[in-house]
Amino acid sequence: MKFIAILVIFGLGSVFASEDAFEASYKLTKENRDKFKLGRMLFFDKILSGNKNISCATCHNPLTFTGDAISLSVGEGGKGLGTTRNTGTVKERVPRNAPALFNLGGPEFTSLFHDGRVEINEDFPSEIKSPAGMDLPQGLNGTLAAQALFPITSGTEMAGDKGENPVADAVAEGRIVKAWNLLVNRLRNIPEYVEIFKAAYSPDVREARDINIVHVANAIAVFQAKGFYMLNAPFDQYFYGNKESVSKSAQKGGDLFKGKAKCISCHSGQLQTDHKFYAIAMPPIGPGKGDGEKGYDDFGRERVTGDIKDRYKFRTPSLRNVAVTGPWGHNGAYGSLRDVVLHHINPEKMLKNYTIEKSYLPTRADLDRKDLRALKDKKIIEGLLKANELPQVVLSNTEIDDLINFLHCMTDYAVYDLHRIVPKKVPSGISLAD
Ligand code: HEC
Ligand code: HEC
């Protein structure tokens, strides 16, 4: 009996010890440690979705490198994860690709989303411009925190359809603050959450009613910023002087990236992005964002600025871990890294010869019909080619191989350990599976 008791105590002890070691491995400050813990729970907890059936991690899963491994996300109403996710009862795919979340905590990310619609702007009291149609609550810790406010109030992503639950109803009526409050109330009613909020936000949060949506968003931001920070790829080691860390071919690829291939004119700096917006004629797949005469186009940056010169422009993505974060492009048009690189070299040919098989979409006839409308529209294709800003580049097949080998050197091997960040359970008790 005694022996069993010792075993039990020992066993439990080691579980907690490994959790502590896990958190210690993120080298968090005392201030951030509890916010990280809280944000980690919220990121994986379906309690933040209207019908309690989808979390941030459904579309940004660590097991699929913080994306969802499909071209266009399947939101609220779908089932399963990654490439096995089925379209369930969804009425439309999410019109854009779920991007990877690496290194987004850096202050240089002054805008987020493919079109930069959440951005730093000091003209607003919250200092953040967003699509909310009102000023955001104050106290948000940058763009990453502000961004977290939006998936939870999107009907297709997390809230659900009118009539299904009170959060979805509030969203459908345009009452976003009410939707946030309904979600916060759910958290206030779970004692385990109240305790973690108190630890993370002492002395501001003394009891359940002190918890607000800004606390939720800031904690999720800390979790993403710390949990998905990765800047130790062979590329970095090479940069810091370890010439052995990348192959000769990748070294040639790096020279091409900076030189003849002109990649660096947009993918510049330590994260390979200038954070600006360009039109590069990605094949237009997906249901679109309601733009254009027929409503199935996606005007990209123009949607934010209202300036026709910004039509079809999207934010230059960081290329950190890019080899593992496919499908690629703002709508996941390309399911292979080689194809998205070839697209940069010959956009016209790649666009004209594009077929949907190049993407990765779980098929369903009614959704597929919507996804192909823009691609079949000659006016849209002409518009995309006219707007294209990619420089003319000619590369041999060997040079393309070199360039791709160079992109592989952006992979920080820590990306293969991300499964450790998935918690075993969350305070709501809702299953993490599906
Ligand atoms: C249904 C799938 C889905 C869910 C659920 C979801 N996201 Fe996303 N996420 C996306 C898509 C798609 C985009 C790109 C949208 C766009 O740019 O228009 C995106 C964009 C983002 C970005 C911007 C990244 C960048 O580089 O600009 C962040 C950060 C993010 N999501 C975090 C979250 C968090 C935090 C949650 C939970 C509160 C969440 N997402 C829930 C699909 C999802
Ligand atoms: C004119 C600016 C520009 C140049 C030059 C450029 N890119 Fe891009 N690149 C972009 C933009 C903008 C996107 C995103 C487009 C979209 O999603 O529609 C992108 C997307 C990508 C992607 C997909 C990333 C992802 O996460 O989906 C890869 C890979 C890439 N570029 C590699 C390259 C390489 C290699 C070169 C050089 C041959 C290059 N780029 C040159 C602007 C540029």
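Hi everyone, a definition to begin with: a residue is buried under 20% relative accessible area, exposed over 50%, and partly exposed in between, using a 1.4 Å probe and protein chains only. By that scale, His344 is partly exposed at 27%, whereas His267 is buried at 10%.

A word on the source: this is a predicted model, in which local features need pLDDT of at least 70 and side-chain atom pairs count only at pLDDT 80 or more, while totals for chains, interfaces and linings use all residues. Residues are numbered from 1 along each chain as its sequence is written, chains are lettered from A and ligands numbered from 1 in the order written, and side-chain values use heavy atoms, without hydrogens and water.

Now, which protein atoms are donors of the iron atom of ligand 2? They are NE2 of His267 and NE2 of His344, lying 2.1 Å from the iron; donors here are N, O and S atoms within 2.8 Å of the metal, or 3.2 Å for Na, K and Ca, and water is not among the atoms, so sites may look incomplete. His267 sits in the loop between α11 (248–258) and β4 (277–279) and His344 in helix α13, so the pair ties together parts 77 residues apart in sequence. Helices (H or I, at least four residues) and strands (E, at least two) are DSSP runs, numbered from the N terminus.

Let's finish with polar contacts, pairs of N or O atoms within 3.5 Å. A polar side-chain atom of His330 is 2.6 Å from an oxygen atom of ligand 2, and a polar backbone atom of Gly329 is 2.8 Å from an oxygen atom of the ligand. Thanks, everyone!

Notes:
A polar contact is a pair of N or O atoms within 3.5 Å; within protein, one must be able to donate a hydrogen and the other to accept it, and residues adjacent in sequence count only if both atoms are side-chain atoms.
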